[in-house]
Amino acid sequence: MATPGLQDIPLLPGSPRRLSPRAVARGSQGDKQGQQHLKVPDPPATGLQGSSNQDSGQLSDEESSHNSSVINNYLDANEPVPSEAPLSRMHFYDNQRKVDYVLAYHYRKRGAHPSHSSPGQSLAIISNGETGKEPHAGSSRDIELGRLDALEEERKEQREEFEHNLMEAGLELEKDVENKSQGSIFVRIHAPWQVLAREAEFLKIKVPTKKMYDIKSEGGIAKKFNEILQNLSSPLKPRVPEHSNNRMKNLSYPFSREKMYLYNIQDKDTFFDNATRSRIVHEILKRTPCSRANNTMGINFLIANNIYEAAYPLHDGEYDSPGDDMNDRKLLYQEWARYGVFYKFQPIDLIRKYFGEKIGLYFAWLGLYTSFLIPSSIIGVIVFLYGCATIEEDIPSKEMCDQQNAFTMCPLCDKACDYWNLSSACGTARASHLFDNPATVFFSIFMALWATMFLENWKRLQMRLGYFWDLTGIEEEEERAQEHSRPEYETKVREKLLKKSDQTVVQKLGTNMLESEDEDDDEDKLTWKDRFPGYLINVVSILFMIALTFSIVFAVIVYRITTAAALSLNKDTRSNVRVTVTATAVIINLVVILILDEIYGAVAKWLTQIEVPKTEQTFEERLILKAFLLKFVNAYSPIFYVAFFKGRFVGRPGSYVYVFNGYRMEECAPGGCLMELCIQLSIIMLGKQLIQNNIFEIGVPKLKKLFRKLKDETEPRETDSAHSRHPEQWDLDYSLEPYTGLTPEYMEMIIQFGFVTIFVASFPLAPVFALLNNVIEVRLDAKKFVTELRRPDAVRTKDIGIWFDILSGIGKFSVISNAFVIAITSDFIPRLVYQYSYSHNGTLHGFVNHTLSFFNVSQLKEGTQPENSQFDQDVQFCRFKDYREPPWAPNPYEYSKQYWSILSARLAFVIIFQNLVMFLSVLVDWMIPDIPTDISDQIKKEKSLLVDFFLREEHEKLKLMDETAPSSQGGSHQSRRNRAASSAPSGHSQPGSIASSGSQHTSV
C-alpha cells in the first residue's frame, strides 16, 4: 500500500489517471552530475505552483534513501555553457542523459509593470523557472510582471500541468528559462531505464535475447549461384554495418522485467536504440492527460490547439558535420541520400533502424518496384525496336503512303476544308505502327503477369523482412493503436455531451475518455446519426469533384473542336491543324491535372476531417481512398476519352454530329487514335514526373525554407550570439519541415503504376520512363527524409496497409483496360478479321481499301460543300473510315456485315484476353507461395528454440537459487524474493508505489 500523503500513480499506462495536485519544490543536489532536482513531497498544494527549497538538509536520511528526485532542469540561457560540452548536443546539459524527445512552443510576455494580484501575492519566476504565486514575496527572487494575455496564461497553465504529468509518469524534463519578451522554448525529455523497461514490457517490444542460432542456408547449386551473385553485386552494396546477419540471428522475445536474465544487456543506455526510445516516449505523450485542456488525452490534442507547436524526436547529429565522427544519419546521407550513389542498393536495415518499420517498408517496396521495372523496360524497348524494324514491312502503312492509290477522302470540316488524299497522312500511319503492332498484344499479357509477379514477390519480401525485423505477432500493437482516439474525435464527443442537459451526462466529462469509451454507450461515441451530415457532404462533394473533372475534360474537347475549326479557315495554318490542336490540348490537360491534384489533395483531407474518424489509422485509410479516387479520375479522364470515346460519335458525311451550332465532333487521325493516345499518355506521365519532382518536391521545400529564414531574419527578437553561432540539435531540427506522412510518396508511385500497367498497350516505353524517374525518386525521397524533414516517429507495422489493395485493384483493372485498348482503339482485330476472312491471299493487301466506305458527294448538305476546291469538279465519291454500305446498296450508309463481324470479334477478344490473363495471374499467384519456404521453416525453428532456451534458463536459475538458499525456510523465502528483485533492475516494489510503475525517481 502506498505511503499516506502521496496519491497513487497507476501502474498500467492505459488506465485512467487521477491528477494529484502537488507542490513542486527544489530538491537536494545529490545527483552525481550536480544537477538541481524537483521532488514530489507529501504536502499537497493547489495547481502547479511550487515553493523554493534551497536547503537540501531538510530531507531526512530516510526520505533521501527512499525518495529519488524527479529530475527537471530549468536553465538560464545566459549562463555559460560548460567547456567540456560539445558544440551540438543530443543530451541534457549534464552531458549524460540523452534527449529522447523534444516539445517546442512559442511564448510571449508583456512589459513588466506592477502586479494586479491580491495583496501579499505576486507573480514570480521562482528558482525552478515556473511562475507561481508566492505567499512570501521575499523568499525568492521577485520579478514583477504585467498580466499575461488570458489565452497565453491558459496555455501556460496547460503546459505546466502536462509537463507535471509527464514527470509523474517517470520522464525527466529539461527546458530553458523564459527570460525574453518572446521566443521559442524547447522541452527536452529523457526516459530513464526504469521507464523504458516498464513501457517496453507494456508495449511488448521484442528485443534480442542471449541466444543466437544459425539461419538455414540453401545448399547445392542454389548456394553456389547465390555466392556468385553476391560477389558480382558487392560493388553495388552500401558500406554500412550489417544489421541483419544472413547466417546468424538472435532469438527475440517481448521485453519483460521479470525475465531480465534472458537478454544480453551490456549497457542500459544503448540497449534500446534511439528510434525505440523515442517511440516509447511518444506512446507516453499520446496517453498523458491534461485536465485543464478539457480532460484531453495526449500531445496530439495539445498541438492541435496550439498549446505546443511541435513534438519530435531528434536526429542523430548533423549529416554534413566535418570530421570523422560517424552517426547513423551521416552514414545514411553518405551511402543512401546522395545522387552520386544512385547505383547502389538501399541499406534497408539501417533505414528501418533509423526511421522505423513503416518507412523502412516503404523504401523496400519502392526498391522492389524499381528493380521490377528493369525487365519490363527491357521488354518494352524490344517491342518498340520491333516496331521500328518492321515499319518497312507493314503493308497497310505502305498502301496509305502509295501515291498511286489516290484515295480521295471527304472534307474534315464544313466549307473551309477541301477534299484530301490519304497519302498525305503517311507519316502518321508509319508512326502508329511503332506502337500498334502484334508485339504490343504479347507485351500487354506480359505486363499483366508482371504486375501479379511483382505483388507476389512483394508479399514474399514483406514476410522476409517481417522475420528479420521481428514483426511477426504485432497485431496486439496495432489493436493498441486503435485505442488512441484522435483529438478531433474527442472534441466532437465532448461537444455532444455538452449539448445534453442531463447532469449525469455532464459529469462524464470528469472521467477519462478511454474509460467512457469502454462503456459502449452511444452517448460517449459518435454514431452514424452524428456522422450523417459529414457522410452526406462527402458523397455530394466527391460527386461534384468528379463532375468538375469531366466538365474540364469536356471543356478541353470544345477547345479542340473550336480551335481546329478556326485554324482550318486560314490557309497558312490548315496543314498543321491536327498537330497544333493535339499538342496544345495535351499541355492544357497537364496543367489542369497538376493544379487539380493539389486541390483534390486538400479537399480529400477536409472531407476526411468532417467525417471525424475515430483513430489515426482509420483517418489515414479514408483519406487515402478519397485522394486516390479523385486523383485517379483527374489523371486518367483525358486518357480514357482519347482511348475509348474520341471518334466514336462523329457520325458520317451528310449526317455529322454537331455541337454548339455548327462545330463537328472531332475525329481520330487516319492511322487511328492509338498514336494520339500514346502522345497524350507520354506527355502527361513525363510532365507529372518532371514537374512534381523538380518543382513540388525540390523547389517548394526550398522556397519554404528560404521564406522561413527570411521571416526569422526580419522579425526583431532577442538572440544570443553564442547560441546563434552554435545552435543545438533541437534548434536545427525545429527549423526543418515537419513530417506529414507517406501518403504523397505512395500516391505518386501508385499513379505511376497505373500509367505503367493500365495503358501499356499504347505506350510500351512507359516502364522505361518510370524506371528513370524512380532511380531519381529513391534518392530524392532519401535526401528529403535525411536532410529536410524532422525525424519521424518510429512506427511498427507489418505491411504497407491499404496501398497493397489499391495496387492489386489497379493490376486487375489494367487487364480489362488493355483488352479494350487492343480490341477497340488499335487496328489489331480489324486486321486479323480481314486477313483470315476477307483477304484473297491471306495477307493484308487491300486492308486500307477495306476499311474505307464510299459517300456520294452530291448528298452533302447545302452549305457544307468545300469552297474553292482544288480538286477536279468531277469528284463523285469521297471515302471515309467506317464499315458502311455504299451509296448504291439497297440500304445505303447502314452498317455493313463487316462492321458486325469485327464488333463481335472485338468483344470475343476482350472476353478471351481477360479470362486468359486472369487465369495466368491466378496460376502465378498459386505457384508462388506468399511465405518463402525457408522463412516458414525458420519461424517454426525459432519457436522451438525459444521454448528450449526458456526451459534451460529457468532450470539454471532455479539451480542457482537452490545452491545459495539459506537453511531456514523464512530466510530462503526472503532470499529468493531479493534475488528475483535484483534480476530486474526496475524492481518490484509494493503495490501502489511509484516504483511499481517503473520509475525510481519518486519512490515511496
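Tyrosine 899 is partly exposed, because its relative accessible area is 22%, and the label covers values between buried, under 20%, and exposed, over 50%, with a 1.4 Å probe and protein chains only. Tryptophan 900 is also partly exposed, with a relative accessible area of 49%.

Before we go on, a word about the model. It is a predicted one, in which local features need a pLDDT of at least 70 and side-chain atom pairs count only at pLDDT 80 or more, while totals for chains, interfaces and linings use all residues. Residues are numbered from 1 along each chain as its sequence is written, and side-chain values use heavy atoms, leaving out hydrogens and water.

How confident is the predictor? The score to look at is pLDDT, the predictor's confidence in each residue, from 0 to 100. The chain averages 76, and 76% of the residues score at least 70. Helices (DSSP runs of H or I, at least four residues) and strands (runs of E, at least two) are numbered from the N terminus.

Now step back to the whole chain. Its secondary structure comes to 31 helices and 21 strands, and buried residues make up 50% of its 1004 residues. Of the contacts with a separation of 6 or more, 78% are between residues 24 or more positions apart.

An unreviewed UniProt entry annotates "transmembrane region" over several stretches, among them residues 439-455 and 579-603; such annotations may be inferred rather than shown by experiment. In the model, residues 439-455 are 100% helix, with their end C-alpha atoms 24 Å apart. Residues 579-603 are likewise 100% helix, and here the end C-alpha atoms are 35 Å apart.

Let's look at the aromatic rings next. Rings of Phe, Tyr and Trp (its six-membered ring) pair if their centres lie within 6.5 Å; planes under 30 degrees apart count as stacked, over 60 as edge-to-face and the rest as tilted. The whole structure has 57 aromatic pairs. One of them joins tryptophan 193 and phenylalanine 271 edge-to-face, at 6.1 Å centre to centre and 70 degrees between the planes. This pair links distant parts of the chain, with tryptophan 193 in helix 3 (residues 193-203) and phenylalanine 271 in helix 5 (residues 268-271), 78 residues apart. Tryptophan 193 counts as buried because its relative accessibility is 8%, and phenylalanine 271 is buried at 17%. The residues we began with pair up too: the ring centres of tyrosine 899 and tryptophan 900 are 4.9 Å apart and their planes meet at 80 degrees, so this pair is edge-to-face.

Rings can also lie under a charge. A charge sits over a ring if NZ of Lys or CZ of Arg is within 6 Å of the ring centre and within 35 degrees of the ring normal. The charged end of arginine 159 sits over the ring of tyrosine 105, 3.9 Å from its centre, and that of arginine 879 sits over phenylalanine 854, 3.8 Å from the ring centre.

Finally, find proline 254 in strand 10 (residues 248-254). Proline 254 and valine 207 are 47 residues apart in sequence, but 6.1 Å apart in space, C-alpha to C-alpha.

Key. Contact means heavy atoms within 4.5 Å.
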